[in-house]
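Notes below as I went.

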Amino acid sequence: MINLENVDGLVKTMPASNDEIRIVENEMNILLPETYKELLKYTNGFSTDSGLVIYGTDDIVERNLTLEVDEYAKGYIAIGDDSGDIVFLVSKDNTKKEVLSVGCGDMNPSNAKVVAYNLSKWLDDGCNLSGMNGENAAQTYNKYCNILLVDNPKGGLKDLVKIKNVLNVEMSSAEILKASKNLPFPIISNISYGKALNYLEKLNEFSQILQLEGLSK
């Protein structure tokens, strides 16, 4: 359920209709993330006194085309900006909930920083932008994270070994198999967010069982 009670200086709009959302999805040839669609049905985009703008159905297509998101941030959607140089991205993959911030002159997700590890929680917490300055992301989280194994792969040990090799995990296969009996567990810890994104891209087939865990400051 969308909750914007903690967003200071909120300027809402009328809710988007299912038809308006469907038109956007057809034009962009994607399915919008579920939380973002829930937001649009609550308010079709919004802005705040601090300069935060979350795009509605009237401008998300144009903004993504202008920012050339498909070319420079493939797999992501720009859902808003800070009325300056910072753009907010979310993954097209519904299993990935994080909100990223990146400079509009860069747009490379590998260089992005984490605003929040969950879009819904970011909204609930008031879309905090404190600490942002130019191309520096909000300081809600550190730039390091863990990759958690939250479920066992269908291929059992064979898939666990594949994950281990891609992540360059020092644990033995037997240790990983033992740890997988007590989920979730951090299969790799304290790595940079950009590096984690690269790993997860290589392990996209396991996106349902691997999750990021942000390290709070």
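This is a predicted model: local features need pLDDT of at least 70, side-chain atom pairs count only at pLDDT 80 or more; totals for chains, interfaces and linings use all residues.

These entries cover the pockets and then the backbone.

**Largest pocket.** I looked up the volume and got about 370 Å³. It is lined by 16 residues, and Lys-74, Gly-75, Tyr-76, Lys-96 and Glu-201 are the closest to the centre. Which element gives the most to this lining? I found helix H8, residues 193-202, with four residues. Sorting the lining by class gave me six nonpolar, six polar and four charged residues.

**Second largest pocket.** Here I read off about 300 Å³. The lining has 15 residues, with Lys-97, Glu-98, Tyr-117, Gln-211 and Leu-212 closest to the centre. Strand E9 (residues 210-216) gives the most to this lining, three residues. By class I have six nonpolar, five polar and four charged.

**Backbone.** Reminder before the angles: most residues other than glycine have a negative phi, and most peptide bonds are trans.

I went looking for exceptions. The peptide bond between Leu-183 and Pro-184 is cis, with omega at about -5°. Pro-184 sits in the loop between helix H7 (173-179) and strand E8 (185-192).

Next I checked phi. Met-107 has a positive value, near 65°, and is not a glycine. I placed Met-107 in the loop between strand E5 (99-103) and strand E6 (113-116). Is Met-107 buried or exposed? Its relative accessibility is 1%, so it counts as buried, the cut-off being under 20%.

Asn-190 also has a positive phi, near 55°. I found Asn-190 in strand E8.

Technical notes. Residues are numbered from 1 along each chain as its sequence is written. Side-chain values use heavy atoms; hydrogens and water are left out. On a 1 Å grid over the protein atoms alone, a cavity is a set of points where a 1.4 Å probe fits but cannot get out, and a pocket is an open set with protein on both sides within 12 Å along at least five of seven lines; lining residues have an atom within 4 Å of a point. Grid points are joined across faces, edges and corners, and a volume is the space filled by probe spheres set on the points. Helices (H or I, at least four residues) and strands (E, at least two) are DSSP runs, numbered from the N terminus. Ala, Val, Leu, Ile, Met, Phe, Trp, Tyr, Cys and Pro count as nonpolar, Asp, Glu, Lys and Arg as charged, and the others, Gly among them, as polar. Buried means under 20% relative accessible area, exposed over 50%, partly exposed in between (1.4 Å probe, protein chains only).
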